[in-house]
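Welcome! Please take a moment with the sequence and the 3D view before reading on.

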Amino acid sequence: MEKLSVNLCGMELSNPVIPASGTFGFGYEFAELYDINILGSIAVKGTTCSPRFGNPTPRIAETPSGVLNSVGLQNPGVDAVLSEELEKLGSVYSKPVLANVSGFSVGEYAACAEKLSAHPRVGAIELNVSCPNVHGGGMSFGTDPRSAAEVTEAVKKVSKKPVIVKLSPNVTDICEIARACESAGADGLCLINTLLGMRLDLKKRRPILANITGGLSGPAVFPIAVRAVWQVWEAVKLPIIGVGGVSSAEDVIELMLAGATAVEVGAANMRDPFACRDIVGALPETMKKYGVERLRDIIGGAHG
């Protein structure tokens, strides 16, 4: 329906609901449960140049209001994603998707993004800058404005599709990183990624995760996502995808009022495989409840 539609970096989405990368596989698995064409788009599993097995197990730990994960970018590599995974998804999903790109050097990011951006099923590149920079002492690209700008600029030079940079919240000033990406030519931003956390096994007196720390997602981080989207909307002029703890149609509207054009749903998919379907289904009544005629009209609507 037109009242649910939004335009994200030139992509006309039938609604703003997008399953977040890493929580929805490559999408086609969920087509066995419901018609995934009701989704606005899909952010497919994070992809690197070479196949990755990921981190050792255990790599998932539950928390009272969310989940910690340390999967470690497990994926079959960009060539297999292009020849197999996107083709399988295309057989059950007719809309453009967001290809989530990761890397451990600027060159890796650019090479992976260039290949994925040429695929007809890819509508935009989602650049995950939370990876450690192997040539920069191991610091995440997304925690340093210069590194974030460097990788953004490199990918923009080779990408045939819009580039949306997914920002880490594990920084002192997320607006500084957002402005650096904007200056480097980013077409949009996605925020927030997971927050760094850990849990201990009281019986073993050791960390639960084999990697010791992991990324926290789920309802616990939603207020942080709202705050970050609010601040970044005021700091830059780019469209924003809001993500972090979204689990209801009310959450979608709240993030859009804070400044999001579209919204990704992450941890909720691991708790309930029908989460995205149900959020899309609940949007019309929820909009009616809060007097919203068209979703695109409320973007940033809570700002003075």
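The model is predicted, so to speak of local features pLDDT must be at least 70, and side-chain atom pairs count only at pLDDT 80 or more, while totals for chains, interfaces and linings use all residues. Residues are numbered from 1 along each chain as its sequence is written, and side-chain values use heavy atoms, with hydrogens and water left out.

**The sheet**

- Four strands form an open sheet in the order β4-β5-β13-β10, with antiparallel pairing; strands (E, at least two residues) and helices (H or I, at least four) are DSSP runs numbered from the N terminus, and two strands pair if DSSP finds at least two bridges between them.
- β4 (60-63) and β10 (195-197) stand at the edges with a single partner strand each, so one side of each has no neighbour in the sheet.
- On average, neighbouring strands of this sheet are turned by 35° against each other, direction ignored; the axes are lines fitted to C-alpha atoms, for helices over the stretch in contact, and angles run from 0 to 180 degrees between N-to-C directions.
- Strand β5 (residues 66-69) and strand β13 (residues 214-217) run antiparallel and are joined by three bridges.
- Opposite valine 67 stands serine 217 in β13.

**The pockets**

- The largest pocket has a volume of about 1200 Å³. A pocket is an open set of points on a 1 Å grid over the protein atoms alone, where a 1.4 Å probe fits, with protein on both sides within 12 Å along at least five of seven lines; lining residues have an atom within 4 Å of a point. Grid points are joined across faces, edges and corners, and the volume is the space filled by probe spheres set on the points.
- Of the 45 residues lining the largest pocket, Asn69, Asn128, Asn193, Thr194 and Gly215 are the closest to its centre.
- β10, β13 and α7 (267-271) are the elements that give two or more residues to this lining, and β13 gives the most, with four residues.
- The lining of the largest pocket has 14 nonpolar, 28 polar and three charged residues; Ala, Val, Leu, Ile, Met, Phe, Trp, Tyr, Cys and Pro count as nonpolar, Asp, Glu, Lys and Arg as charged, and the others, Gly among them, as polar.
- The second largest pocket holds about 190 Å³ of space, and its lining includes Ile60, Pro64, Val67 and Met270.
- β4, β5 and α7 each give two or more residues to the lining of the second largest pocket.

**A buried phenylalanine**

- Phenylalanine 26 lies in the loop between β3 (17-19) and β4.
- Phenylalanine 26 counts as buried because its relative accessibility is 5%; buried means under 20% relative accessible area, exposed over 50%, and partly exposed in between (1.4 Å probe, protein chains only).
- Beyond its neighbours within four places in sequence, phenylalanine 26 is in contact (heavy atoms within 4.5 Å) with residues including Val44, Pro76 and Leu89.

**Backbone details**

- Most residues other than glycine have a negative phi, and most peptide bonds are trans.
- The peptide bond from threonine 57 to proline 58 is cis, with omega near -5°.
- Leucine 191 and isoleucine 192 are also joined by a cis peptide bond, with omega about 15°.
- Leucine 73, in the loop between β5 and α1 (78-90), has a positive phi near 60°.
- Arginine 205 has a positive phi near 55° and is exposed, with a relative accessible area of 73%.
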